Amino acid sequence: MSNRLIFMIVTLIIGFMVAIQFQSTKEPIVRDTRDIRELRKELRTEQDRHQQLVQEIEKHASLIDQYEVSLNDHKENVESVMEEQIDNLRKEAGLTEVSGEGIILTIEPLYHDQFFGHNRNSVSPVLLRFLVNELNFNGAKEIAIGNQRIISTTAFREVNGVTRVNNRRLPTLPIEIKVLADDAQKLHNEMVVSESVEYFEIDNLKLTSTPINYLEIPAFDDTPRVRYMEQVKED
């Protein structure tokens, strides 16, 4: 291969790289228009996510250590570790009754019926979903609406004007929502000034919160069914 041909190839490569670099510098810079409140909210979400991942890693690392120790000892120890892990999974899935400190949210009509000319007997699924999401964001551990335990596959639906949770009809107003939290007072303070209060008022509903030292939340009393599940890839 002649020196001239080599020189041409090298020149073409350099020119191609320069063109790519030039094109990338021409792309407009997209400015982040979010305000400080939105940025702090996203930062808090990412911090919570990071903490959850660290806890998950520590939990599974501890479980591996327990298995290794058990395998080095006796078969009975392996079975006890597996039984303990099954119990923990049942608890995480909401299949066991749980208790602890938390809050009780009460949903009731905001005004008397004569102001609106109709009776308010239920809560829309949209409001319930928004409330559950806000509770989870503010540190709720377990939730029960009425006597229905909320788990990852819980569905909120409206059938013939009646709201159903876990395919069970909700009782008429007032409705109690029991919520467990590591810090009940903090969750109470968050919910008193939450957006949910405003949204419920728009729908002629009053949402009040009361901190409780001891609460019992029932187990999910049906068979969990998961359909159309697929792996979620991290960004």
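Me: In this predicted model, which residues is Glu134 in contact with, leaving aside its neighbours within four places in sequence?
Reply: They are Met191, Ser194, Glu195 and Ser196. Contact means heavy atoms within 4.5 Å. Glu134 itself has its place in helix H4.

Me: Why is Glu134 called buried?
Reply: Its relative accessible area is 12%. Buried means under 20%. The value for Glu134 falls under that cut-off, so the residue counts as buried.

Me: Which pocket has Glu134 among the residues nearest its centre?
Reply: The second largest pocket. Arg37, Lys41, Phe137 and Glu195 are also listed as nearest its centre. In total, 15 residues line this pocket. The elements giving two or more of them are H2, H4 and H6. H2 gives the most, with five residues.

Me: How much space lies in the second largest pocket, and what classes of residue make up its lining?
Reply: The space is about 450 Å³. The lining has nine charged residues, three polar and three nonpolar. Glu134 is one of the lining residues, and Glu counts as charged.

Me: What makes Phe130 and Tyr199 an aromatic pair?
Reply: Their ring centres are 4.7 Å apart. Rings pair if their centres lie within 6.5 Å. The value is within that limit, so they pair. A search of the whole structure finds one such pair.

Me: Why is the pair called edge-to-face?
Reply: A pair of aromatic rings is described by the distance of the centres and the angle of the planes. Here the angle is 70°.

Me: How do you know that the pair links distant parts of the chain?
Reply: Phe130 and Tyr199 are 69 residues apart. Phe130 is in helix H4, residues 125–137, and Tyr199 is in helix H6, residues 195–202.

Me: Why are Phe130 and Tyr199 called partly exposed?
Reply: Phe130 has a relative accessible area of 28%. Tyr199 has 35%. Buried is under 20% and exposed is over 50%. Both values lie in between, so both residues are partly exposed.

Me: What is known about the largest pocket and its lining?
Reply: About 1600 Å³ of space lies in this pocket. Its lining has 40 residues. Those nearest the centre are Gln52, Asn136, Gly139, Ala140 and Lys141. H2 gives the most to this lining, with nine residues. By class, 14 are charged, 14 polar and 12 nonpolar.

Notes: Residues are numbered from 1 along each chain as its sequence is written. This is a predicted model: local features need pLDDT of at least 70, side-chain atom pairs count only at pLDDT 80 or more; totals for chains, interfaces and linings use all residues. Side-chain values use heavy atoms; hydrogens and water are left out. Rings of Phe, Tyr and Trp (its six-membered ring) pair if their centres lie within 6.5 Å; planes under 30 degrees apart count as stacked, over 60 as edge-to-face and the rest as tilted. Helices (H or I, at least four residues) and strands (E, at least two) are DSSP runs, numbered from the N terminus. Buried means under 20% relative accessible area, exposed over 50%, partly exposed in between (1.4 Å probe, protein chains only). On a 1 Å grid over the protein atoms alone, a cavity is a set of points where a 1.4 Å probe fits but cannot get out, and a pocket is an open set with protein on both sides within 12 Å along at least five of seven lines; lining residues have an atom within 4 Å of a point. Grid points are joined across faces, edges and corners, and a volume is the space filled by probe spheres set on the points.
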